[in-house]
Amino acid sequence: MFAHVPLSPSLPWVALVLGLATTVWLTRNYFHNGLNKYPGARLASLTDWWRFYVVWTRKAHFRYLDLHNQYGDVVRLGPNALSFSNPRAIKEIYSMSKKLTKSDFYPVQMQVSRGEVLQSLFGTQDEEYHGRLRRFVSNAFSMSSIVRYEPRVNETAKLFIDKTEELFATTGKRCDMKLWLQFFAFDVITEVTYSRRVGFVDRVEDVDGIVEWLDKIFQYMAPVGQMPFIDKLLVKNPVLKWLSKHGYIDNSSGTARFSKARMSERLQEIADRRAAGVDEVYQRNDILTMFLESKDKDKTGFFDDRLILTMTTSIALAGSDTTAISLCATLYHLLRNPRCYGKLMKELSDAIESGLIADTEILSWADSQKLPYLDACIKETFRIHPAISLNLERVTPPEGMYIDGRFIPGGTIVSCNPWVVHRRKEVFGEDVEVYRPERWLVDPTSLSDLERLNEMKATMLHFGGGSRTCLGKHIAILEMYKLIPSLLRKFDLRLTTDEEWDLENLWFVKPRKFELDIQLRNK
Ligand code: HEM
């Protein structure tokens, strides 16, 4: 008897309604805020799923570069997203004074600890909160503080060199440099944060599986960041957060767990020393003690233990991959360009012979600053291989603003991609795809050379820009300027293949594989 009762509209009607709704949605997306006047891939103007797909392929930096080469300075990357490549746009989007906020891409990278989302310096969209937090922590990352940490970096660099000799140079075993340098960068970062090397290099081990965890999490965060609502259904799902907060499950991020463990070890050590009459907090030995000092001095209660954990978690998330990639890229480009490799080696040996720099196994920071060709090689690495190369997204203020001479409505996602802007021919020269450190060496008496140099510097986005520029850049630079020459002086490094390396972009642009043959150098 129920066979004749219509329980639901017939299928064709459902299909028609769905079809109409989809058409309306796609049309609205296409014409959104008049952005249809900007060129780009047709699908990009209809849905963010296009961007999700491009990022998911892990080749977004190449795709976006092709699109800018094809369409020019402004390319539409989504219904509400524009990518700019003219250096003028960098100054406008990342200017200190204009205060554009970060897009919804960033909170996806916020880590979770026991159900609580850690509102990080990197991920926050609240500019006031950001400014306040950054004021509390920036002292610990200033160049003068970093140079105080130098002896710690020396210790880890020395161990790294010794272990490289023992494990690879004397055995002839091939070195997975990508992983090995990440172990180094992780040990340095824990050394300068907690006065204690966790032991990645000592034990030749991925401690707590954190490197593997980081690899996995970016496979999630990079594509999901293109469609951030997905994060609220998955990792930041309110039910999961509630369950974790009340102890039924633990959805804490690997980096939060790692940092919590390191912090409690170090805090216990500080307490033990205090009981023995030594107060380390005001000795400013490491980043954590600098944070504790800031907390002590803060009478408002803002900079509390939770924020300290948030900061140490950010350091674990941001401080190793980026530096290891930049170290790998420097070695890779030098090895593929024997002319530059030879020139750098000559600069080093001449400087030692002439007494310009000391003949020490680990170069001091001060000595590394006397080597202009080394400086040029590292700058050229940052240009040709910026470690972060998805677009650095910002949102225009409600009243809209002019970018590169065009009025962009309020609430639009606007951005530049470091990989793209570092290849502007009018700034860097016609040979942008060539690794040529000499472009950074200018005649200091030539005004036009100095102007060109300034223009190149202003177009570099490898550490981001404006108020959200990289907090840890001095640590990374210190590591690179010390380790690269120290490694090259001790070892002969060889690529194991003539083929170009295969790069994957999941926010960080990493080689899929980077192996080297290593031998002791005949001096
Ligand atoms: C060569 C190595 C590094 C590179 C290429 C790099 C790159 C960047 C870039 C491009 C940004 C800006 C992202 C944006 O605006 O969307 C950034 C921000 C940041 N980086 Fe780095 N980074 C490096 C090393 C480090 C290290 C060693 C640390 C920590 C010790 C660190 C901590 C941070 C933090 C906390 C932020 C957020 C700053 C803020 O929003 O105020 N980075 N980094």
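This is a predicted model: local features need pLDDT of at least 70, side-chain atom pairs count only at pLDDT 80 or more; totals for chains, interfaces and linings use all residues.
Figure 1. Helix α9 covers residues 177-194, a run of 18 residues. From its first C-alpha to its last it reaches 25 Å, close to the 26 Å expected at 1.5 Å a residue. Of these 18 residues, 16 are buried, so α9 is largely enclosed by the rest of the structure.

**Figure 2. The crossing of α9 and α16.** Two packed helices are described by the angle between their axes and the distance between the axes. The partner of α9 in this view is helix α16, formed by residues 305-318. The two axes come within 10 Å and cross at roughly 160°. An angle over 145 degrees counts as roughly antiparallel, and α9 and α16 are therefore roughly antiparallel to each other. Their crossing is right-handed. On the α9 side, the contact is made by Phe186, Ile189, Thr193 and Tyr194; α16 contributes Thr312, Ile315 and Ala316. By class, the contact of α9 with α16 comprises 5 nonpolar and 2 polar residues, with no charged residue.

**Figure 3. Helix α24.** Residues 473-490 form helix α24, which has 18 residues. Its span from first C-alpha to last is 26 Å, close to the 26 Å expected at 1.5 Å a residue. Because 16 of its 18 residues are buried, α24 is largely enclosed by the rest of the structure.

**Figure 4. The crossing of α8 and α24.** Helix α8 consists of residues 150-169. The axes of α8 and α24 come within 11 Å and cross at roughly 30°, which makes α8 roughly parallel to α24. This crossing is right-handed. The α8 residues in the contact are Glu150, Val153, Asn154, Ala157, Phe160, Ile161 and Glu165. They meet Leu478, Lys482, Leu483, Ser486, Leu487 and Lys490 of α24. The contact of α8 with α24 divides into 7 nonpolar, 2 polar and 4 charged residues.

**Figure 5. Ala275 and Leu483.** Ala275 belongs to helix α14, which covers residues 254-275. With a relative accessibility of 72%, Ala275 counts as exposed, since the cut-off for that class is over 50%. Leu483 is one of the α24 residues in the contact with α8. Along the chain, Ala275 and Leu483 are 208 residues apart, and their C-alpha atoms are separated by 38 Å.

How values were computed:
Residues are numbered from 1 along each chain as its sequence is written. Side-chain values use heavy atoms; hydrogens and water are left out. Helices (H or I, at least four residues) and strands (E, at least two) are DSSP runs, numbered from the N terminus. The expected span of a helix is 1.5 Å times one less than its number of residues. Buried means under 20% relative accessible area, exposed over 50%, partly exposed in between (1.4 Å probe, protein chains only). Axes are lines fitted to C-alpha atoms, for helices over the stretch in contact, and angles run from 0 to 180 degrees between N-to-C directions. Angles under 35 degrees count as roughly parallel, over 145 as roughly antiparallel, 65 to 115 as roughly perpendicular and the rest as oblique. A crossing is left-handed if the near helix is turned anticlockwise from the far one by less than a right angle, and right-handed if clockwise. Contact means heavy atoms within 4.5 Å. Ala, Val, Leu, Ile, Met, Phe, Trp, Tyr, Cys and Pro count as nonpolar, Asp, Glu, Lys and Arg as charged, and the others, Gly among them, as polar.
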